[in-house]
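User: I'd like to learn how to read a few features of a protein model. Could you take me through them one at a time?

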Amino acid sequence: MPAEKSSARLVIHRGQTSANENSFAEDVRAGLTATPKKLLPKYFYDALGSHLFEAICQLPEYYPTRAEAEIFEHHAAEIISSLNGRLTLVELGSGSSVKTRFLIEALIARQGRLHYQPVDISATMLEQSAQELLKIYPELHITGQARDYTQGLGAIERSSGESILALFLGSNIGNYDPPEAIALLRQIRRTLHEGDGLLLGADLKKPVAILEAAYDDALGVTAAFNLNLLLRINRELGADFDLKRFQHRAIYNHTQGRVEMHLVSRRAQKIHLNALGLMIEMQAGETIHTENSYKYDQQQLSQMAAAAGFSAKRVWLDKEERFSSNLWLAS
């Protein structure tokens, strides 16, 4: 695959645009003709969606980013010292890579130079964050993959004698239903060699009021992030969603142990998706399910590690014990 961007210290590879567009169209068709209707959360992250998510991470209600950053700020060197030898750092869903800087700095302090390999579905966010990191860290070189996790995993580079520390942060694992989460973790495990590490960020179970507020903030940024998915469908698939006819909803599902995000139709309506030759009808109160965010306890996380072929080595928590950083070793 040819590099999209290349310089002495930065190479960014990009997945095939036509294939990505086809997948988006096919997934939207499948989701909006399903019962109940649904859309995949990975499609939140167009250029605007990525920036909206970065804004969400600054909101007072959205604790996961601050909690995870707190863990890294206080324990980055300890996390890195839990693995032996020279490391390359791989990050799935890297976003702005702000929290990752604590780990980058700890690795540079230990080994002098670092090869960082971020994977992110947003090419715009990937390039912006990579350029910023290169300005800050002259000891860094970056090979980025502008594609989804499954494609990016197959392109990870490893020098002779080097081990991998893979990062899957921000409780992104919580966006997957349990069987899908195990399948993804097993795919990550197949990419790794015995003794390589996976640092998994996982949000923990806590009072419902805290959980729901994190996904339905007072400023309405999360609502805009959710509604932007319809705007993307309008732009890329010639649809006529009227965003004013939909309302953002976030609820905690006790039975499933997850926060759910929905787009609720405020009235009965018809929506046309011209590029798909499709018309869908929605009733008042009908929803499009756009995201799940599962919450965990330590027993569940240990069971996930074992099921995916990892051994759980260490766990770090923020001071309020809201969030966990879990170091698993490929076994």
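User: Is Ser 97 buried or exposed?

Analyst: The general idea is a cut-off on relative accessible area: buried means under 20%, exposed over 50%, and partly exposed in between, with a 1.4 Å probe and protein chains only. Ser 97 has 3% relative accessibility, so it counts as buried. Its place is the loop between strand E4 (87-92) and helix H4 (100-111). Here helices (H or I, at least four residues) and strands (E, at least two) are DSSP runs, numbered from the N terminus. Ser 97 also has a positive phi, near 60 degrees, though it is a residue other than glycine.

User: What should I know about the model and its numbering?

Analyst: It is a predicted model, in which local features need pLDDT of at least 70 and side-chain atom pairs count only at pLDDT 80 or more, while totals for chains, interfaces and linings use all residues. Residues are numbered from 1 along each chain as its sequence is written, and side-chain values use heavy atoms, with hydrogens and water left out.

User: Which phi value does Ser 171 have?

Analyst: Ser 171 is not a glycine, yet its phi is positive, about 60 degrees. You will find Ser 171 in the loop between strand E7 (163-168) and helix H7 (178-191). With a relative accessible area of 5%, Ser 171 is buried.

User: Where is the cis peptide bond?

Analyst: Look at omega: the bond joining Thr 35 and Pro 36 is cis, with omega about -5 degrees. Pro 36 sits in the loop between H1 and strand E3 (37-38).

User: How do I read the overall fold, and how many helices and strands are there?

Analyst: The protein chain holds ten helices and 15 strands. Its radius of gyration is 20 Å, close to the 20 Å of the globule rule for 331 residues, so the chain is as compact as a globular protein of that length. That radius is taken over C-alpha atoms, and the rule is 2.2 Å times the number of residues to the power 0.38. Along the principal axes, the C-alpha atoms fill a box of roughly 60 × 45 × 35 Å. Of the 331 residues, 53% count as buried.

User: Which residues have the most contacts inside the largest nonpolar core?

Analyst: A nonpolar core is a set of buried Ala, Val, Leu, Ile, Met, Phe, Trp, Tyr and Cys residues joined through side-chain atoms within 4.5 Å. The largest one has 38 residues, and Val 28, Ile 233, Phe 241, Phe 246, Leu 273 and Ile 288 have the most contacts inside it. Elements giving two or more residues to this core include helix H1 (17-32), helix H9 (221-237) and strand E9 (246-253). H9 gives the most, with seven residues. Setting aside residues up to four places away in sequence, Ile 233 touches several residues, among them Phe 24, Val 28, Leu 39 and Leu 273. A second, separate core has 35 residues, including Ile 108, Leu 140, Leu 169 and Leu 199.

User: Can we compare a few single sites? What does Gly 93 touch?

Analyst: Beyond its neighbours within four places in sequence, Gly 93 is in contact with Val 119, Asp 120, Tyr 149 and Asn 172. Gly 93 is in the loop between E4 and H4, and at 24% relative accessibility it counts as partly exposed.

User: And where is Arg 322?

Analyst: Arg 322 lies in the loop between strand E14 (310-317) and strand E15 (323-330). Its relative accessibility is 16%, so Arg 322 counts as buried. Not counting residues up to four places away in sequence, Arg 322 touches Tyr 63, Ala 67, Glu 70, Asp 203, Leu 204 and Lys 206.

User: Is Glu 291 buried or exposed?

Analyst: Glu 291 is buried, with a relative accessible area of 8%, and its place is strand E13 (residues 287-294). Leaving out residues up to four places away in sequence, its contacts include Pro 41, Asn 175, Tyr 215 and Glu 260. For a sense of distance, the C-alpha atoms of Glu 291 and Ile 108 are separated by 36 Å, and the two residues are 183 apart along the chain.

Terms used. Contact means heavy atoms within 4.5 Å.
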